[in-house]
Amino acid sequence: MIIGGAGVGKTTVLKTLYQVYDAAGVNIYQMTLAGKAAKRMSEITKRPASTIASFLLRIGALNLSKAHVIVIDEASMLDVVTMFRLCESLPLNSRILLTGDSNQLMPVGPGLVLQELAKFKAIPHVELTVVKRYGGLLSKVAYDTRSGIWPELPKYPNQIISFLPCEYRDITSLVVEEYHKEPSRSQILCSRKVGPDGTSVINLDCQRRYTRKGKDLLRWNKEFGQYESTGFYLNDIVICTRNYWDLGIQNGSLGRLVSIDNELPKNGQNQVNGGILGVIEWDDGITRPVHEDHLSDIQLGYAITVHKAQGSQWPIVIIPLTSNRLLDRTLIYTAITRACTKVILIGDPEAARVAVEGLPKSNYRQTGLAVWLETFLVN
């Protein structure tokens with residue numbers, strides 16, 4: 001395993017290790033749990049990468065009798081069910097290399113894998129500790145948060161990292177106000193979907209401010225025989241919630257609705273443009289058409305959850321924080337380390353302090369992996 005905090009050079013070490021594998025004639029299969037993380041892994045290493053689910057679907061067509069290694073990035077997200085399915089499908093000559101940060105968010109699914117494996121010295125691993133991506137106050141706050149220490153932060157948003165205290169009812173408006181200062185460089189990261197600090201409310205508030213008075217993306221309602229609103233408007237920021245490998249879009253990909261089709265047929269049967277409703281420019285710089293079938297897998301993306309942000313980076317991140325059952329130090333740490341240059345936290349400082357100084361939620365998750373490993377490794 002290669003483990004360590006954000007920005008310590010895990011990928012650099014991985015690419016160096018790949019040179020050794022190549023020289024030894026070992027095939028490398030890169031994969032992650034999420035589609036966007038797989039895409040980013042491929043871009044950074046200049047090698048193919050896929051989701052674990054995609055790898056399992058095509059495993060029968062692969063020649064795994066030759067020496068090979070399975071490399072899983074962002075492994076803190078890996079749950080025990082997925083790990084079991086993978087291990088069960090691999091031949092005995094397979095080798096698995098996990099990379100990730102055991103102090104980031106725990107898996108959405110059951111169990112813990114990287115977090116438990118990192119505790120056992122009998123399992124070969126190296127931990128990188130020196131931050132290379134950024135330095136100064138941002139690096140210190142990230143390290144302190146990871147260690148369970150809540151630091152005093154400036155209350156002015158012009159600092160590299162700041163915390164703007166506000167009342168619960170005022171969070172949404174203050175978040176949108178800060179986002180408005182540099183929208184092209186900023187991303188709002190939320191701990192949850194509901195409430196004034198959640199993605200649903202903040203996304204609608206951003207939409208009201210930026211696009212609601214513009215052109216509406218419409219679709220044909222067969223029941224009423226007329227066009228209806230899809231809830232999206234020209235220039236809306238959107239996020240994809242499903243992997244479309246054939247289109248090159250992954251779960252977590254962000255984009256902007258850059259055009260809406262003006263030539264809508266009277267009966268809703270658009271044979272001329274193949275049912276295209278509009279065009280989205282995605283974060284890979286490529287524009288792709290929007291079909292009605294895609295709408296159920298697209299949501300507003302001005303604000304996204306921290307879970308969706310894992311494996312991504314932005315110049316500026318804005319993080320609304322209130323006390324809720326999802327808030328803990330791993331969530332705050334993960335959100336802070338998504339920023340390259342600036343972090344703005346908004347909300348309840350006391351809730352943030354309690355969350356950081358308390359034990360991570362993963363400590364309360366009961367698993368049997370540790371007991372099994374102890375028995376297996378001792379024997």
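Biologist: How many cavities of 30 Å³ or more does the structure hold?

Modeller: Four. Keep in mind that this is a predicted model.

Biologist: How much space lies in the largest cavity?

Modeller: About 70 Å³.

Biologist: And which residues line the largest cavity?

Modeller: Cys240, Tyr244, Leu247, Ile249, Ile280, Trp282, Arg288, Pro289, Val290, His294 and Ile298. Two elements give two or more residues to that lining: strand 13 (276–282) and strand 14 (287–291).

Biologist: Which element gives the most?

Modeller: Strand 14, with three residues.

Biologist: How do the lining residues of the largest cavity divide by class?

Modeller: Nine are nonpolar, one is polar and one is charged.

Biologist: What's the make-up of the pocket lining by class?

Modeller: The largest pocket is lined by 19 nonpolar residues, one polar and two charged.

Biologist: Switching to helices. At what angle do helix 7 and helix 8 pack?

Modeller: Helix 7 (residues 171–181) and helix 8 (residues 199–210) pack at about 55°. Their axes are 10 Å apart. Helix 7 and helix 8 are therefore oblique to each other.

Biologist: Left-handed or right-handed crossing?

Modeller: Helix 7 passes helix 8 in a right-handed crossing.

Biologist: Which residues meet there?

Modeller: From helix 7, Thr172, Ser173, Val175, Val176, Glu177, Tyr179 and His180. They meet Val201, Ile202, Asp205, Cys206, Arg209 and Tyr210 of helix 8. The contact of helix 7 with helix 8 has seven nonpolar, three polar and three charged residues.

Biologist: One other pair. What about helix 6 and helix 10, what angle and how far apart are the axes?

Modeller: Helix 6 (residues 136–146) and helix 10 (residues 329–336) pack at an angle of about 160°, and their axes are 9 Å apart. Helix 6 and helix 10 are therefore roughly antiparallel to each other. Their crossing is left-handed.

Biologist: Which residues of helix 6 and helix 10 meet?

Modeller: Leu138, Val141, Ala142, Thr145 and Arg146 in helix 6 touch Arg329, Ile332, Tyr333 and Ile336 in helix 10. Six residues of this contact are nonpolar, one is polar and two are charged.

Definitions and conventions
Residues numbered from 1 in each chain as written. Predicted model: local features only at pLDDT ≥ 70, side-chain atom pairs only at ≥ 80, totals over all residues. Heavy atoms only, no water. Axes fitted to C-alpha atoms, helices over the stretch in contact; angles between N-to-C directions. Helix = DSSP H or I, 4+ residues; strand = E, 2+ residues; numbered from the N terminus. Parallel < 35°, antiparallel > 145°, perpendicular 65-115°, else oblique. Left-handed = near helix turned anticlockwise from the far one by under 90°. Contact = heavy atoms within 4.5 Å. Nonpolar A, V, L, I, M, F, W, Y, C, P; charged D, E, K, R; others polar. 1 Å grid on protein atoms, 1.4 Å probe; cavity = no way out; pocket = protein on both sides within 12 Å on 5 of 7 lines; lining within 4 Å. Points joined across faces, edges and corners; volume = space filled by probe spheres on them.
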